[in-house]
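Here is a short report on one protein model. Look over the sequence and the fold first, then read on.

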Amino acid sequence: MRTSWQERFAESPGVLKSAGCERTEVPVLDFTVGGEDCIIIAGPCSVETETQLMATAHHVRQAGARILRGGAFKPRSSPYAFQGHGREGLKMLDRARRATGLAVVTEVMSECDVPLVAEYADILQIGSRSMENYTLLEAAARSGRPILLKRGMVATLADLLRSAQVILDNCNPNVILCERGIRTFETATRNTFDVAAIAIVKQISHLPIIADPSHASGHRDLVPAFARIGIAAGADGLIVEVHPNPDKAWSDGDQSLTFAEFDDMMDSLEPYLEIRSRAANEGSEQALEAVG
Ligand code: PEP
Ligand code: MN
């Protein structure tokens with residue numbers, strides 16, 4: 001690795017690759033995030049009803065997802081929009097986990113809720129709006145659960161890595177980074193998908209990084225292309241919003257895939273997964289040469 005990256009990200013030394021730490025694999029149930037497999041996380045933006053969640057969980061599971069997403073505590077742009085079912089939503093996620101064997105990731109927005117959310121979730125999600133809330137990061141880290149850390153919408157890569165460092169410094173090595181798009185002058189998409197961030201993180205950090213093509217694009221018809229681009233850039237996984245009837249979704253319907261669209265997206269990933277594996281193998285050969 002070039003020393004200039006070390007200097008640029010000097011405030012988060014624990015996040016950077018080192019001779020002793022080339023790759024962190026985050027353990028989740030009986031698999032890992034950050035290993036050879038590209039892990040697919042899918043589910044609705046919000047947990048709405050038992051039927052909606054169960055149908056989605058069963059569907060994404062049979063299509064190859066390993067982790068179910070769904071918000072029980074929802075950060076919303078409007079204070080009058082649906083804010084999530086809270087504890088009842090967590091219970092629904094727990095039932096979906098038992099019924100399908102999927103792991104569960106869900107957002108925690110307040111440090112007061114960490115014990116509750118950690119009781120039900122396999123992975124705690126820190127949302128974009130909370131990325132720099134260090135009190136929340138510390139409490140979430142101390143729960144011992146793996147953390148899915150989403151990049152803030154106006155956060156630089158250095159900001160993201162600093163927040164990851166806070167989690168590592170609180171005795172939790174299990175951090176999964178997430179590129180979900182940032183705010184730029186471009187308004188055609190909901191956010192600007194900073195695919196470069198994925199390539200850079202794969203080069204400089206031992207932590208896994210996944211792509212969120214749903215929030216990056218904001219448009220259902222762009223999600224599969226963004227997913228493929230993220231994988232080609234080396235993402236360790238995807239987090240994708242899927243809904244039985246996106247037009248009726250209580251949140252983020254415009255960017256949620258139908259079941260059929262999710263299946264088509266999954267079918268289209270194969271060549272990109274091969275590109276990803278090839279790049280990963282070449283990367284580890286280079287690393288070996290550098291060491292040897
Ligand atoms: C979400 O995952 O539904 C969400 C609110 O994402 P973000 O924090 O990236 O906006
Ligand atoms: Mn959403």
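Is alanine 188 buried or exposed? Alanine 188 counts as exposed, at 53% relative accessibility. The cut-offs are under 20% relative accessible area for buried, over 50% for exposed and partly exposed in between, with a 1.4 Å probe and protein chains only.

## Basis of the model

This is a predicted model: local features need pLDDT of at least 70, side-chain atom pairs count only at pLDDT 80 or more, and totals for chains, interfaces and linings use all residues. Residues are numbered from 1 along each chain as its sequence is written, chains are lettered from A and ligands numbered from 1 in the order in which they are written, and side-chain values use heavy atoms, with hydrogens and water left out.

Alanine 188 sits in the loop between β8 (175-179) and α7 (195-204). Helices (H or I, at least four residues) and strands (E, at least two) are DSSP runs, numbered from the N terminus. Alanine 188 and alanine 233 are 45 residues apart in sequence. In space, 22 Å separates them, C-alpha to C-alpha.

The loop between β10 (237-241) and α10 (259-268) holds aspartate 252. Leucine 257 lies in the loop between β10 and α10 too. Leucine 257 counts as buried, at 1% relative accessibility. Leaving aside neighbours within four places in sequence, its contacts (heavy atoms within 4.5 Å) include Arg220, Val223, Pro224, Phe262 and Met265.

Aspartate 252 is not a glycine, yet its phi is positive, at about 55°. Leucine 29 also has a positive phi, near 45°. Leucine 29 is in the loop between β1 (26-28) and β2 (31-33). Most residues other than glycine have a negative phi.

## Two helices with a buried side

Helix α5 (residues 134-142) has Leu136, Leu137, Ala140 and Ala141 as its buried residues. They cover an arc of only 130° around the axis, so they are on the same side of α5. The arc is that of the directions from the helix axis to the C-beta atoms. An α-helix has 3.6 residues a turn, so residues three or four places apart point the same way. The buried residues of α5 pack against α4 (114-120), β6 (123-126), β7 (147-150) and α6 (157-169). Just after α5, glycine 144 has a positive phi of about 85°.

In helix α9 (residues 223-232), the buried residues are Val223, Pro224, Phe226, Ala227, Gly230 and Ile231. Their arc around the axis is only 165°, which puts them on the same side of α9.

## Cysteines and a buried aspartate

How many disulfides are there? The count is 0, where a disulfide is a pair of cysteine sulfur atoms within 2.5 Å. The closest cysteine sulfur to that of cysteine 38 is in cysteine 178, 12 Å away and too far for a bond. Cysteine 38 is buried, at 16% relative accessibility. Cysteine 178 is buried as well, with a relative accessible area of 0%.

Aspartate 159 lies in helix α6. At 15% relative accessibility, aspartate 159 counts as buried. Not counting residues up to four places away in sequence, aspartate 159 touches Met131, Glu132 and Val154. Its C-alpha is 13 Å from that of cysteine 178, 19 residues away along the chain.

## Cavity and pocket

On a 1 Å grid over the protein atoms alone, a cavity is a set of points where a 1.4 Å probe fits but cannot get out. A pocket is an open set with protein on both sides within 12 Å along at least five of seven lines, and lining residues have an atom within 4 Å of a point. Grid points are joined across faces, edges and corners, and a volume is the space filled by probe spheres set on the points.

There is 1 cavity of 30 Å³ or more. The largest cavity has a volume of about 30 Å³. Its lining consists of Arg69, Gly70, Gly71, Lys74, Val105, Thr106, Glu107 and Gln125. Strand β5 (residues 103-107) gives the largest share, 3 residues. The second largest pocket has a volume of about 230 Å³. Of its 17 lining residues, the closest to its centre are Pro75, Arg129, Arg190, His215 and Asp252.
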